[in-house]
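Got your viewer open and ready to click around? Let's take a short tour, one selection at a time.

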Amino acid sequence: MSKIHVTTSVNGDAVEFLCDPRETLLDVLRDRLGLTGAKEGCGTGDCGACTITLDGRVVCSCLVLGAEAEGREVGTIEGIANGEELHPLQRKFIEHAALQCGICTPGILVATKALLEKNPDPTETEVRYWLAGNLCRCTGYDKIIRAVMDTAAELRSESKELS
Amino acid sequence: MSVSKSLAHDAARLHVTGTARYVDDIPVPQGCLHVAFGMSEIAHGTIVAMNLEEVKSVPGVVMVLTADDMPFANDVSPSAHDEPLLATGTVHYVGQPMFAVVATSHLAARKAARLGAVRYDELTAILTIDEAMAADSRFEEGPRVYQKGDAAAAIGKASHRVVGTFEIGAQEHFYLEGQAALALPQEGGDMVVHSSTQHPSEIQHKVAEALGVPMHAVRVEIRRMGGGFGGKESQGNALAVICAVAAQATQLPCKMRYDRDDDMIITGKRHDFRIEYRAGFDDEGRIAGVEFVQYARCGWAQDLSLPVADRAMLHSDNAYLLGHARIESHRLKTNTVSNTAYRGFGGPQGMIGIERVVDHIAHKLGLDPVDVRQRNYYAEMDGGGLSAPRPAAPPESLSGKMKNNTTPYGQEVEDFELHGITEALLRSSDYERRKAAIAEWNAENEVIKKGIAFAPVKFGISFTLTFLNQAGALVHVYQDGSVHMNHGGTEMGQGLFQKVAQVAASRFGIPVEMVKITATDTGKVPNTSATAASSGSDLNGMAVKAACDTIRERIAEFLAKRHQLEVGKVRFADGNVVVGSKVYSFAEAAAEAYMGRVSLSATGFYKTPKVEWDRIKGVGRPFFYFAYGASVTEVAIDTLTGENRILRCDILHDAGESLNPALDIGQVEGAYVQGAGWLTTEELVWDDAGRLRTHAPSTYKIPACSDRPDVFNVALWDGSNREETIYRSKAVGEPPFMLGISAFLALSDAVSACGDAYPALNAPATAEQVWTAVRRVRNGV
């Protein structure tokens, strides 16, 4: 089968790749671009382990075709830190011990970052329901919520200082 | 000292940056092939014909393997050699692997695997507990029975009795990383296997058997799993073995990972149980005698079902001193997936049996279940918890012959902590006031009813297969003072590697950053036990301590001699080695020792003392010690729909002197939610043909973020371990799972607000179950 040529941007870098027309964006990221942060947890869009952003919108990359990335902006876990400097969200997840096996962590961070960009002051309930599509089998979610609320507060106080 | 500090998980930075490598993330060499199984479509039958021509014709398919192609052993059983990797003439459950497709891509292999044309001669399938009992289809010659005293007589003489039957559903592990393996062929027929496994030594053993080579020709490595929960104790064998066989045949790397649906259909789960009970008790709810009949649906192969069912029997007392008890256990062989280890390993099923009995007793007598629980507790012996209050005198022995604080299997309970834990938790959770408020709410509200319940946990720590209670470690100190640490334990997110690294750092008196944590590797530490039975840090922590202490003593002896001091005068602390007035940095000390030709590498070994157990007689000391905990859960139910949610949960859990409180609390929280999930939303549904109908997260519901209790207060009990464990800590992996039982009991409490009858809820208490129970109670059935 002939492959499709796709020109896109991943974490701000211009990227080109060839992919099978039926290949998911998740497989493209993992197998062709070496970005293995997004994981396949279910392959049906129910667990959130493969969460990425497409033009800023949170999507399950297992439900998006590689070809659909054409001309779009793809954001993955690998693009959240600024070089060696962790994003406050990443720092807070470490501080709050909001991870165990780590498989769901990339998806949860990508989804949360998108939430905080949209809504810098979410209520706990908003956070809980925003993340309801990201399953975690290890933590019981308590520390995850705490880490998110704490990050939101820190980011708000930072942006206050700047303004 | 770095022990007892809440340091972050060693891989936390890798996890938040998406760079932690799991088996499926390991870059594979060019030409790597992918494997998928063709699976049985029926529950029981003989294979009349298997036409695989269409499978072979799919572009990308390199090879198709059947049982006939297995060069040596065709078995992936961890116990009884009764589990062929590829079916041999007969299929025993829907989903059983029959053939394996080896192809150039994961998708090609999976697609081709669906194209097998198999004709079966169907045989009668035994699917349910009733069918298995009727056919006497079981493992072992008959039921196991453990008993103490004369339960039937005690129940007969008691002034009150309850009788009931209780169904308890199975549970899918739903480790978020599915099963995966990668086999890399080496020169001379050797094999390296990366396997997402809790038991690398067993993978090594099964691969060696399948390849017909000694174990020394196979090396198994695992850096981390994306969750295990017992589901990767034996269930990874099939993938590792088929990859190794395919890799040997093709001389190319071979990789396999199950798609989620396949994973849920092929792999074993927590055993579903039926428990029948009969108990006799006095006016105050004191249990005189209790009888249990436990029926465990084990599935088609033995796997770990015998020790699982044993552990269910061993936890049918939970926290209660039973004067007379009889526990009968049936291990039933059915044409369903072979059930396996799952966090608690039968303990949860046994424990919820007695919790059900106590709940039923309290309901019958109109007493607060907490009072009934406390009245039946084991006594606290001298030297119990540090801050625990002394108990009242232990209850009188009924036969006059028994010791006063003995389990039904003859082990003295010497470390009972629950009197103090219970008092403290009832206070901190404001139980009395909230219970009164809930009664008021329920009196005023017809539709939404609330319930609250307390549940204690006493969980036995040690493998009941006594020989497994051993561990090894390998520690190197390099000339620059950096330390390489390896042990037989595996990391599945629980933080074992971090906790053990903190032990190593403490022994050398150095910062934990100087200790390199390395992948579990059968080439470094041989003959390891599975990381299971909550034993990871108890066993491996002690083995690493032994290895570190050997090296430390060598360095100390060398430096003491040089400075003409006693060895005892050499101290390792704050990154230094202090020898009299001379202070070396640890790096300097290591370099000096190296120059002095001192060996800076050592192995360590540990075996758990005191344990001795006869599983046939049901007598002995299977457990080194017990871990304790308690929880109070408040729930609300909608009586019109059965919908329910957890409003608040308070937990006090005993991790002894915790090696790392942050990691331990994480274990407690996660275990509670997983335990509550088992008993509420997680429902596995098989149809009449034996097909699993809930094989993906779309239909099988584990708790989501939105299900987290609104209020979730978790604390560790300020206790110790009276036994000499690593820094007096306690195992924490499984025990808190059973704290979730309070969520189930709280639902029962809420339902009982609807009428006078006992709710007799079955598990999982899904919305449907709750709704049915509400109607039952309202109609007074």
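**Stop 1: two helices side by side**

In this predicted model, H10 and H18 of chain B run roughly parallel to each other, because angles under 35 degrees count that way and their axes cross at roughly 30°. To see this, select residues 347–365 of chain B for helix H10 and residues 741–752 of chain B for helix H18; the two axes come within 11 Å. The crossing of H10(B) and H18(B) is right-handed. Now show side chains: the contact includes B:Met351, B:Ile352 and B:Arg356 from H10(B), along with B:Phe744 and B:Leu745 from H18(B). Sorted by class, this contact of H10(B) with H18(B) has six nonpolar, three polar and three charged residues.

**Stop 2**

Next, pick B:Pro764, in the loop between H18 and helix H19 (767–778) of chain B. Look at the bond joining B:Ala763 and B:Pro764: it's a cis peptide bond, with omega about 0°. Most peptide bonds are trans.

**Stop 3: a positive phi**

Jump to B:Phe174, in the loop between strand E8 (160–168) and strand E9 (180–185) of chain B. What is phi of B:Phe174 near? Phi here is near 50°, a positive value in a residue other than glycine.

**Stop 4: where the chains meet**

Finally, show chain A and chain B together. The contact takes 52 residues from chain B and 45 residues from chain A. Between them the chains bury about 4,000 Å², 54% of it on carbon and sulfur atoms. How many salt bridges are there between chain B and chain A? The count is nine. To find a salt bridge, select B:Arg13 and A:Glu84, whose closest N and O atoms are 3.7 Å apart.

Conventions
Residues are numbered from 1 along each chain as its sequence is written. Chains are lettered from A and ligands numbered from 1 in the order in which they are written. This is a predicted model: local features need pLDDT of at least 70, side-chain atom pairs count only at pLDDT 80 or more; totals for chains, interfaces and linings use all residues. Side-chain values use heavy atoms; hydrogens and water are left out. Axes are lines fitted to C-alpha atoms, for helices over the stretch in contact, and angles run from 0 to 180 degrees between N-to-C directions. Helices (H or I, at least four residues) and strands (E, at least two) are DSSP runs, numbered from the N terminus. Angles under 35 degrees count as roughly parallel, over 145 as roughly antiparallel, 65 to 115 as roughly perpendicular and the rest as oblique. A crossing is left-handed if the near helix is turned anticlockwise from the far one by less than a right angle, and right-handed if clockwise. Contact means heavy atoms within 4.5 Å. Ala, Val, Leu, Ile, Met, Phe, Trp, Tyr, Cys and Pro count as nonpolar, Asp, Glu, Lys and Arg as charged, and the others, Gly among them, as polar. Buried area is the accessible area (1.4 Å probe) that two parts lose on being put together, summed over both. A salt bridge is a side-chain nitrogen of Lys or Arg within 4 Å of a carboxyl oxygen of Asp or Glu.
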